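Let's take a walk through this structure together.

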Amino acid sequence: MITLKNQRTYARRSGRSAIEDVMAYENIEWDKLGFDYIKTDQRYLSHWRDGEWDQGTLTEDNVLHISEGSTALHYGQQCFEGLKAYRCKDGSINLFRPDQNALRMQRSCARLLMPAPSTEQFIEACKQVVKANERFIPPYGSGGALYLRPFVIGVGDNIGVRTAPEFIFSVFCIPVGPYFKGGMKPNNFVISSYDRAAPQGTGAAKVGGNYAASLMPGSQAKKNNFADCIYLDPQTHTKIEEVGSANFFAITHNDEFVTPKSPSVLPGITRLSLIELAQSRLGLKVIEGDVLIDNLGDFKEAGACGTAAVITPIGGIEYNGKLHVFYSEKEVGPVVSRLYAELTGVQSGDIEAPQGWIVKV
C-alpha cells in the first residue's frame with residue numbers, strides 16, 4: 001500500500017515535493033491506461049567492461065549517456081525483452097516466466113556477439129525494478145499490469161563494424177492497461193508482400209532491426225483499416241510465419257492447436273505457454289510446422305499471441321484481395337476464449353500455474 005510516508009521517500013529521491021509526487025501518481029487513471037511510455041521511479045542499470053558485468057544499480061535517471069560511436073546506434077547491436085508483473089488478489093506480485101525471457105535474451109545476445117546477463121542477474125534485476133516501482137502496478141482486477149522492458153546495447157567509442165568494447169544491460173518499467181478496451185474482439189489482418197526477416201537471418205532473435213523492418217508494412221496495413229499485417233516465409237512466400245510483432249496460431253476443425261515452426265520465427269514466451277496449456281489444460285493436440293496460406297480453410301479459429309495482448313483473436317485474413325473469415329468478425333471463438341481465460345488466470349494468480357511459471361516478488 002502506498003502511504004504518504006512512502007510518497008515522501010519517492011519525492012525526496014526525485015527532487016519533487018511530497019505533494020507534487022502524490023498528485024503525479026494520483027493522476028494515473030488505471031481504467032484508461034494504454035501502452036504508452038510513463039516515467040516511473042527507478043530503473044536498473046549495469047555496465048559490462050573488462051570482460052564482466054558490474055553489480056548493477058537502481059537509478060532515477062531515465063536518460064542513457066552513451067558514446068556517439070556506440071554500435072547500438074550505427075550497426076543495430078542491441079536486443080530487448082518484454083514481460084509483465086501482475087498484482088494478485090491477495091496483494092502479492094507475480095512475475096510471469098522471467099527465466100524464459102532471460103534464456104531468450106541470452107540467445108539474442110549470442111546471435112549479435114554481445115555478453116548476456118545470467119538468468120540470475122536478469123531475474124534479480126526485474127525483481128528490483130518491480131519492488132522499486134510497486135506503486136505503479138495496476139490494481140488487481142483492473143486488467144492492467146506492470147510491463148518490464150529489459151535490453152542490452154553495445155556502447156563505447158567505436159566506428160568499425162565489429163562488436164562493441166562495452167555494453168549496457170538495463171530494465172525499466174511502465175504501467176500498462178488491458179490491451180482490449182471494451183473487451184476482447186476479433187481483428188482483421190492482411191498478408192504483406194514484404195519480408196519480416198531474411199532466411200538464416202535474425203528472425204529468431206528479439207532485435208530492433210526486425211521491428212524496424214516491420215514499421216512501413218505495418219503502417220500501410222493500418223491505413224487500410226487492418227489491425228496489422230501477416231508475414232509469409234521469406235523463401236517461398238507460401239507459409240504464414242508471424243503476425244506483425246506477434247506469433248500466429250490457429251485451431252483446426254478437429255481441435256488441434258497449430259502454430260508455425262521456422263528458423264526465422266521468434267520463439268515467443270506467450271506462444272510457448274499457450275502450447276503447454278493447450279496440451280495440459282484443454283487436451284488439444286499441438287502441431288508445430290508449416291501453415292500454408294492456401295489452406296486457411298483448415299482452421300475454425302485463429303489468433304496472434306504475445307506479451308502485450310496475450311491473445312489477439314483473428315476475425316479474418318485478407319490475401320490476394322479476398323478476406324477469409326474464421327469463426328466470426330464480431331465474436332471470439334470458444335477455444336481462443338478458453339485459452340485466453342486460462343493464461344490470464346494463471347498470470348494473475350487466480351488459476352494454479354504449472355510448476356516454475358511464477359516468480360513471486
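To talk about open spaces, we need a rule for finding them: on a 1 Å grid over the protein atoms alone, a cavity is a set of points where a 1.4 Å probe fits but cannot get out, while a pocket is an open set with protein on both sides within 12 Å along at least five of seven lines, and lining residues have an atom within 4 Å of a point. Grid points are joined across faces, edges and corners, and the volume is the space filled by probe spheres set on the points.

A quick word on what you're looking at: this is a predicted model, where local features need pLDDT of at least 70, side-chain atom pairs count only at pLDDT 80 or more, and totals for chains, interfaces and linings use all residues. Residues are numbered from 1 along each chain as its sequence is written, and side-chain values use heavy atoms, with hydrogens and water left out.

By that rule, the second largest pocket holds about 360 Å³ of space. It is lined by 24 residues, and the closest to its centre are Tyr86, Gly143, Gly144, Tyr340 and Thr344. Strand E5 (83–87) and helix H8 (334–348) each supply at least two lining residues, and H8 has the largest share, with 5 residues. (Helices, H or I with at least four residues, and strands, E with at least two, are DSSP runs numbered from the N terminus.) The lining of this pocket splits into 12 nonpolar, 9 polar and 3 charged residues. Here Ala, Val, Leu, Ile, Met, Phe, Trp, Tyr, Cys and Pro count as nonpolar, Asp, Glu, Lys and Arg as charged, and the others, Gly among them, as polar.

Now for the largest pocket, with about 1000 Å³ of space. Of its 40 lining residues, the closest to the centre are Tyr179, Asp228, Ser245, Ala246 and Ala308. Helix H6 (residues 208–223) gives the most to this lining, with 6 residues. The lining of the largest pocket comes to 19 nonpolar, 13 polar and 8 charged residues.

On to the charged pairs. Side chains of opposite charge can pair when their charged atoms come close. How many salt bridges does a search of the whole structure find? There are 11, counting a side-chain nitrogen of Lys or Arg within 4 Å of a carboxyl oxygen of Asp or Glu.

Take Arg104 and Glu81, whose closest N and O atoms are 2.7 Å apart.

Another salt bridge joins Asp255 and Lys300, at 2.6 Å from N to O. Asp255 is in the loop between strand E12 (246–252) and strand E13 (256–260) and Lys300 in strand E15 (residues 299–306), so the parts they tie together are 45 residues apart in sequence. Asp255 is partly exposed at 32% relative accessibility, and Lys300 is partly exposed at 24%.

Finally, visit Ala85, which sits in strand E5. Is Ala85 buried or exposed? Ala85 is buried, because its relative accessible area is 0%. Leaving aside neighbours within four places in sequence, Ala85 is in contact (heavy atoms within 4.5 Å) with Ile93, Asn94, Leu95, Val130, Ile137, Ala145, Leu146 and Leu148.

Technical notes: Buried < 20%, exposed > 50% of the residue type's maximum accessible area, 1.4 Å probe, protein only.
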